Each structure stands twice: as C-alpha cells, then as structure tokens.
Amino acid sequence: MVDRASTRGIFTGLLSILFKAINIHYFTRMTIRRALNMGFMMTWIILFPVVLIMLPASAGAGVPDTSLPFCKTPYALTCPGRNADTVREQKIAKIETELKGRAFEKMLDDIEDEGLKSVLQKFDDIDSVKPKRVRQSVEKIFYEKLREEFSRYISENNLPVNLGDEMVKEALHIAIEEAESISPLIKEKMHTILNETRFLAFQNNVDDNSLDDLHALYKLCTKSFEDNAFATTLKKEKVVVICPGEMIGAIEFGQEFAFVPNLKLYPLVMTLGHELSHHFDFKHYPSAYKQVLEEMSEHSSDFKKPVEKYMREITADIWGLKVAKIVMNKISNPLTRSKMYAGSLNDLCGSEDDGVHPSGRFRIETLASEYLCQ
Ligand SMILES: [Zn+2]
C-alpha cells in the first residue's frame with residue numbers, strides 16, 4: 001500500500017529542490033512550511049481519485065502471499081472434502097462415457113459390414129474383434145471419432161487451441177534464470193531443452209510419422225482418459241503428453257475462473273511446468289539440486305523410502321510451483337489467486353506416497369506452501 005510518510009517525504013524533498021532551483025530566498029521559514037503543507041494537500045486532492053481508480057488493480061501486489069487463505073490452510077482449502085479426489089474422478093469418468101458413447105455411435109455409422117456391426121454392441125466389444133487387422137481398423141475409426149468428439153467438447157468450452165504452453169514455457173525460462181543455486185552453464189542447457197520440448201494433446205494435430213496414428217498418443221495415457229500428463233521422448237524428440245482426463249479436469253474445475261484471459265486452463269499451469277521440467281530434473285542434473293536435496297533430507301520421516309527416490313518428482317514439483325507463482329502473480333485479487341493455487345493442486349488430493357511421488361499432503365502442505373507462499 002502507499003506509504004504516507006515516505007510519499008510526503010519525497011514530495012517535500014522535491015518541493016525544496018524546486019524552491020532552491022528557482023532561488024526563492026525571500027520566503028520566510030514559516031511561509032515555506034505552509035507552502036509545503038499546502039502543496040502536500042493539493043497533491044492529495046488531485047491524486048485521490050487516481051489512487052481510488054488504481055487501488056483494485058494494485059491490491060494483490062501489496063498483500064503478502066503468506067496472508068492468503070491458501071497459505072494459512074493449504075491442505076484444507078485444496079482438499080475440502082474427504083472424497084474430493086472421488087468427485088473429480090467421477091466427473092471425468094462421466095464426460096469420458098458421454099464422449100465415448102457418441103464416438104461409438106458415429107463409428108458404427110461408418111462401418112458397412114453388418115456381421116462386424118452385430119458384434120459391436122458396446123465400446124468394450126472393440127477389444128474382442130478378430131482378426132487383429134480388422135480390430136485395428138475398427139480402433140482407428142473409433143479413435144478418429146473420439147478425437148472429433150473431444151475437439152467438439154474443447155471448442156464448446158471455448159478454450160484456446162493451445163494450452164497456454166507458451167505462457168508456461170516463458171514462466172519456466174524466468175524461473176530458471178532466477179534460480180540462485182544453478183550454474184550458468186546448466187541454466188543454458190535447461191533453456192535449450194525447454195525450447196526443444198513440444199506439448200502434445202489429444203485435440204492437437206500431430207504431424208510427424210511417429211504419431212501419425214493418434215491412437216499411439218492416446219495409448220501413452222495408459223487408459224485413454226487418464227487424469228494425467230507425462231514427459232517422454234518420441235524418436236529423440238522431447239515431448240509432454242497431456243492426457244484427455246487431465247484436460248477435462250482442468251476444464252471442469254477451472255470454470256470458476258474462466259473469465260480470466262489466458263488463464264482458462266489455469267489448473268494445468270502447474271502440471272505443465274512440472275512435466276516440462278522432467279526433461280531437466282534431478283536425474284539429469286543432480287548437481288543443480290544439491291540444496292533441495294539437503295532441505296528435503298530434513299523431511300525424511302515424511303517419506304516411505306530414501307529421499308533420493310523422490311527427488312525427480314520433488315524437483316519437478318518445485319519448478320511447477322515456481323511457474324504457477326509467476327503466472328498467477330498476474331492475478332491481482334488475492335482471493336482469486338488463493339483459489340487458483342488450491343484449484344491447481346486439486347488433483348493431488350488423496351494421492352498416496354508411491355515410493356516416487358511424495359504423498360499429496362506433503363506436496364500441498366510442504367512443497368506448495370513453501371514455493372507459493374514465501
Ligand atoms: Zn512427475
């Protein structure tokens with residue numbers, strides 16, 4: 001907020017410089033003081049409406065993050081109900097069923113062979129089609145139709161074609177530059193890797209041969225609509241794959257803030273930052289993360305296995321959180337920002353320590369509150 005005393009100090013300072021400059025030495029001390037006070041009052045009369053207009057825009061910037069509701073009770077705010085993760089899963093599953101149902105009907109319209117049609121009563125029947133060649137051609141039609149349905153769902157929700165990936169990459173470049181304990185040489189390598197990494201989402205066109213069959217991309221999500229995203233390498237190209245479930249989760253749980261330009265998919269921001277950085281995480285550059293390893297060793301009792309096992313995920317989380325903070329700091333309203341932090345972490349509710357990822361509770365209470373709130 002505006003600091004009254006220092007504003008006044010600066011103002012009177014400026015006035016005295018002005019007086020000196022025009023050499024008004026016939027003023028008595030009293031006159032000068034009165035003039036200063038008058039000047040100060042006049043300035044406020046003029047500035048007051050301007051300050052009033054600007055206040056809402058700057059409100060967030062003045063509120064320290066530690067006082068955000070999220071920062072006071074990160075876990076309770078992110079995971080309000082015991083079954084928050086079930087609610088999310090069910091919502092995604094419902095949309096998956098709808099889209100698959102429509103795609104299945106459209107697939108049947110395209111199949112002329114009546115014998116084949118008769119064995120295809122429901123989606124699961126595709127798996128039992130024989131021989132393999134016929135099954136593959138049926139799958140291909142099905143996934144083409146499903147991709148169309150998914151694209152329709154995306155456009156109905158009025159989402160940008162790209163996922164805000166440039167915004168996330170830009171924030172990650174900034175985070176790399178700001179990291180104090182990483183050498184310039186490694187930073188340079190990280191920037192290069194980041195520039196080379198490509199996002200792949202189900203609704204986007206994939207134009208290279210390794211993925212001309214979109215079905216292949218889809219299968220990378222293990223289950224087609226898995227609520228997940230991951231980093232991998234395809235024909236030596238570094239990619240981040242965003243599974244349809246993750247997109248649906250972001251769309252359905254990001255609706256509340258759909259009015260924020262460029263941030264319709266804000267719940268994805270942290271995930272995208274996390275996945276991108278897997279290409280330069282602890283496994284690739286252990287020396288860059290010595291400090292994080294030391295810090296995390298103090299939390300060893302929170303992990304089922306030795307802390308080193310979690311370092312890839314922890315370092316990716318830290319980058320993801322830094323990205324989220326850089327992107328969401330543009331949101332001036334502290335309450336909105338607080339809700340966005342919680343919404344971004346929502347998919348971690350209820351997740352257990354699996355020996356590689358720390359528990360969702362640790363990731364929210366310890367990592368997120370450190371990197372988002374301090
Ligand atoms: Zn990860």
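The following legends describe close-up views of a predicted model.

Residues are numbered from 1 along each chain as its sequence is written. Because the model is predicted, local features are given at pLDDT of at least 70 and side-chain atom pairs count only at pLDDT 80 or more, whereas totals for chains, interfaces and linings use all residues.

**View 1. Overall composition of the protein.** The secondary structure comes to 16 helices and three strands; helices (H or I, at least four residues) and strands (E, at least two) are DSSP runs numbered from the N terminus. Of the 374 residues, 32% are buried, a residue being buried if 20 or more other C-beta atoms lie within 10 Å of its own, exposed if 12 or fewer, and partly exposed in between, with C-beta atoms placed from the backbone. Among contacts between residues at least 6 apart in sequence, 70% join residues at least 24 apart; two residues are in contact if their C-beta atoms, placed from the backbone, lie within 7 Å.

**View 2. The open sheet of three strands.** The strand order is β1-β3-β2, with mixed pairing; two strands pair if DSSP finds at least two bridges between them. β1 (198-201) and β2 (229-234) are the edge strands, each with a single partner, so one side of each has no neighbour in the sheet. Neighbouring strands are turned by 30° against each other on average, direction ignored. β1 and β3 run parallel and are joined by four bridges, and Arg198 has Val239 of β3 as its bridge partner.

View 3. β2 pairs with β3 (residues 237-242) in the antiparallel sense over six bridges. Phe230 has Val241 as its bridge partner in β3. Helix α12 (residues 266-277) packs on the sheet and touches β2 and β3, its direction making about 30° with that of β2. Ala229 stands opposite Ile242 in β3. Two residues lie between the strands of the hairpin, and Lys235 in the turn has a positive phi of about 45°.

**View 4. The packing of α11 on α12.** Helix α11 (residues 244-254) and α12 pack at an angle of about 145°, with their axes 7 Å apart; axes are lines fitted to C-alpha atoms, for helices over the stretch in contact, and angles run from 0 to 180 degrees between N-to-C directions. The contact is made by Glu246, Gly249, Ala250, Phe253 and Gly254 of α11 and by Tyr266, Pro267, Leu268 and Thr271 of α12.

**View 5. The crossing of α13 and α14.** Helix α13 (residues 290-297) packs with α14 at an angle of about 110°, their axes lying 11 Å apart. α13 is therefore roughly perpendicular to α14, a term covering angles of 65 to 115 degrees. From α13, Val292, Leu293 and Met296 take part, and from α14, Met311, Ile314, Thr315 and Ile318.

**View 6. The kinked helix α16.** Helix α16 (residues 360-373) has a kink of about 35° centred on Leu367; the bend at a residue is the angle between axes fitted to the seven residues ending there and the seven starting there. Its buried residues include Phe362, Arg363, Ile364 and Leu367. The buried residues of α16 pack against α3 (69-72), α4 (74-78), α14 (311-328) and α15 (334-345).

How values were computed
Angles under 35 degrees count as roughly parallel, over 145 as roughly antiparallel, 65 to 115 as roughly perpendicular and the rest as oblique.
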